[in-house]
Amino acid sequence: MGEKPRNSRIMQAAQNRNADKAPKPSRTTGLGRVIIAVYGILALAATVRAVYQIMSKFDEAQVAYSLSLISGLIYIVATFSLSSAKRSAWLVSLYAVGIELVGVIVVGILSLTHPEVFAHPSVWSGFGEGYGYIPLVLPIVGLWWLYRNRSERHA
């Protein structure tokens, strides 16, 4: 009566093997979706604003409007690479978000030390103050998220 079924070890091994193959949380779930959504919103806002400014009044502030367009393009790259499951997407995301962080810091400092160059604000001027400092905080959160999900780059 107290006899174990013969195939219990086989069943247990199969369950363990299937547990290893279970899908792991992705960087595109949970907080990752929020990060991607915010990047998408910034990509749209920065790019559309920059294109409008360049088309209508580029001669007023070439540097600021060009930097806004560059930031918009970086946000577009970050949005698509963060949402991609391709092997190279993690590394592209790392570069895009890293460049964004450096850009926000450099442009933020320059906009304070050389205000004449930034007569009109760009997305990154004043460390992103025109966008509620989201351009400063988002790359820090994005880099942390990428670091936390770094094992996916080998997937």
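User: In this predicted model, at roughly what angle do the axes of helix α3 (residues 62-83) and helix α4 (residues 89-113) cross?

Analyst: The axes of α3 and α4 come within 8 Å of each other. Angles over 145 degrees count as roughly antiparallel, and α3 is therefore roughly antiparallel to α4. The crossing of the two helices is left-handed, and its angle is roughly 150 degrees.

User: How many residues of the contact of α3 with α4 are charged?

Analyst: On the α3 side, the contact includes I74 and Y75, and on the α4 side it includes A96 and E100. The residues of this contact comprise twelve nonpolar and two polar ones, and the number of charged residues is one.

User: Is E100 buried or exposed?

Analyst: E100 is part of helix α4. Residues under 20% relative accessible area count as buried. The relative accessibility of E100 is 0%, so this residue is classed as buried.

User: With which side chain does the side chain of E100 make a polar contact?

Analyst: Leaving aside residues up to four places away in sequence, E100 touches Y39, I74, Y75, W124, P135, L138 and P139. The polar contact has a distance of 3.4 Å, and the partner of the E100 side chain is the side chain of Y75.

User: How far apart are the axes of helix α2 (residues 31-57) and α3?

Analyst: α2 and α3 pack at an angle of about 150 degrees, and they are therefore roughly antiparallel to each other. Their crossing is left-handed. The distance between their axes is 7 Å.

Note on methods. Residues are numbered from 1 along each chain as its sequence is written. This is a predicted model: local features need pLDDT of at least 70, side-chain atom pairs count only at pLDDT 80 or more; totals for chains, interfaces and linings use all residues. Side-chain values use heavy atoms; hydrogens and water are left out. Axes are lines fitted to C-alpha atoms, for helices over the stretch in contact, and angles run from 0 to 180 degrees between N-to-C directions. Helices (H or I, at least four residues) and strands (E, at least two) are DSSP runs, numbered from the N terminus. Angles under 35 degrees count as roughly parallel, over 145 as roughly antiparallel, 65 to 115 as roughly perpendicular and the rest as oblique. A crossing is left-handed if the near helix is turned anticlockwise from the far one by less than a right angle, and right-handed if clockwise. Contact means heavy atoms within 4.5 Å. Ala, Val, Leu, Ile, Met, Phe, Trp, Tyr, Cys and Pro count as nonpolar, Asp, Glu, Lys and Arg as charged, and the others, Gly among them, as polar. Buried means under 20% relative accessible area, exposed over 50%, partly exposed in between (1.4 Å probe, protein chains only). A polar contact is a pair of N or O atoms within 3.5 Å; within protein, one must be able to donate a hydrogen and the other to accept it, and residues adjacent in sequence count only if both atoms are side-chain atoms.
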